[in-house]
Amino acid sequence: MREYQYEIVDRSGRVVKGVAEAASVSDLVRELSAEGHTVVEVAEPRATRPPLFRRRLSAQDQMMALHELSTLLESGVSLGNAVEAQASGTRHPSLSQAFEAMSRALMRGESFLKALRAGQLALPDYVYRLVEAGELNGQLAGALRQAVDQMQYDQRVATEMRGALFYPSILIVAGCAAVLLVFVFVIPQFANLLETGNELPALAEAVLHAGLWFNANGWQLAAALAVIAFAIAMLARREGVRQRVRDSLSTLPILSDWFTETDTAKWASLMSAMLASRVGLLDALGLAASSVRITRRKAMLEQATSDVRSGASLSAALEKRRALTPTGYSLLRVGEQSGQLAEMLKALATLYDENSRRRMKRFLTLIEPLAVVLVGGFLGVIMIGIILAITSVNDIAF
């Protein structure tokens, strides 16, 4: 038995709130209804924790919850019982609260789409569209599975892109730490060389002066760097700034093809999921185009959507806008002729995804040695300056 808070309208029309024990929310609702009351809300009281110590609800948590929900539905569990099981079985308080809100919405007779929106989870737009299509064609479990698969794909792409920059970032941070140690502990030991009046090589003098200036103004420099880092962090939270950075990076010679193929793979995968769930072609095109991150490609796909709306086939519209490769146009034409457009889009997504991974590996083979050369070169210049200072003093003394 578990304890639940409830709000009802009794037989006399008064609103009554209270606490009762029951095996489940549905059992309590049936019990209260049998007594002639109108149930307004039933919720499980929860101990509140300070937000400071609450683990942030991640996309992985939401994806696993939807995965479990789709598995329950595929196993024949009713929607109400499946949602109720998730409300009591999830490990994150925010998820439990979201599923309880869904359960209450379902009890009021609302559709699962409205119940899902009532949960106020930060889900991609295509999840709601897939759920809507699944309810209309009676394949809610399959639609949820498609949504989970797409969320897994999006998360894998994001993880791979973050991982691509992890090792070079470690190299750069380690190099900066090494330079910092040299400036703080090594160069001050040779400060007297500047005070002897000896004529030092230009590189040696520049390195020693830079090290002494750093030690004399270290706190001011640290404060300035902190302000710059804070400003960058604030700017990075703005979608417009992030969009401009993405658009700029997508024009670079090496990154251009990588960004394009990654975006196209995501577009094709989402199109395949939407069409497989019986979402209309124009609706699927509009939603898939909105998920593309590069502005010029988004505009290109929106123009192709307009062409399809005007009566052109999908393959012809994309070929007109040069949105894909010749192989892509051929796959889509085969899909249109055979009635297997969703399957061909899935194959296209796989093709572009594999190409994207190869581009990423090629990018890593260039950026990793480049980071080593830059960090090693900077450290080398500093050490050469120190060595020149030592040897020049020894030459003068000799």
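## The largest cavity

The lining of the largest cavity holds four nonpolar, two polar and three charged residues. Here Ala, Val, Leu, Ile, Met, Phe, Trp, Tyr, Cys and Pro count as nonpolar, Asp, Glu, Lys and Arg as charged, and the others, Gly among them, as polar. The lining is made up of V157, E160, M161, W258, T262, D353, S356, R357 and M360. At least two lining residues come from each of α7, α13 and α18 (341-397), and α18 gives the most, with four residues. The space inside is about 50 Å³, and the count comes to one cavity of 30 Å³ or more.

Spaces are found on a 1 Å grid over the protein atoms alone: a cavity is a set of points where a 1.4 Å probe fits but cannot get out, a pocket is an open set with protein on both sides within 12 Å along at least five of seven lines, and lining residues have an atom within 4 Å of a point. Grid points are joined across faces, edges and corners, and a volume is the space filled by probe spheres set on the points. Helices (H or I, at least four residues) are DSSP runs, numbered from the N terminus.

## About the model

This is a predicted model, in which local features need pLDDT of at least 70 and side-chain atom pairs count only at pLDDT 80 or more, while totals for chains, interfaces and linings use all residues. Residues are numbered from 1 along each chain as its sequence is written, and side-chain values use heavy atoms, with hydrogens and water left out.

The largest pocket holds about 1,400 Å³ of space. Of the 40 residues that line it, D154, A158, R246, K266 and R293 are the closest to its centre. Helices α2 (59-74), α6, α7, α12 (239-249), α13 and α14 (281-290) each supply at least two lining residues. By class, this lining has 22 nonpolar, seven polar and 11 charged residues.

What classes of residue line the second largest pocket? Its lining divides into nine nonpolar, one polar and no charged. This pocket has about 250 Å³ of space and is lined by I172, G175, C176, V179, L180, F183, F214, L374, V375 and F378. The largest share of the lining, six residues, comes from α8; α8 (166-186) and α18 each supply at least two.

## How helices pack

Two packed helices are described by the angle between their axes and the distance between the axes. The axes of α6 (residues 125-136) and α7 (residues 140-164) come within 7 Å and cross at roughly 160°. Therefore α6 is roughly antiparallel to α7 (a term for angles over 145 degrees). Axes are lines fitted to C-alpha atoms over the stretch in contact, and angles run from 0 to 180 degrees between N-to-C directions. In the contact (heavy atoms within 4.5 Å), Y126, V127, L130, V131, G134 and E135 of α6 meet L140, A143, L144, Q146, A147, Q150, M151 and D154 of α7. These residues divide into nine nonpolar, three polar and two charged.

For α13 (residues 253-276) and α15 (residues 295-309), the axes come within 11 Å and cross at roughly 40°. That makes α13 oblique to α15, oblique being the rest once angles under 35 degrees (roughly parallel), over 145 (roughly antiparallel) and 65 to 115 (roughly perpendicular) are set aside. S256, T260, T264 and W267 of α13 make the contact with R296, R297 and L301 of α15.
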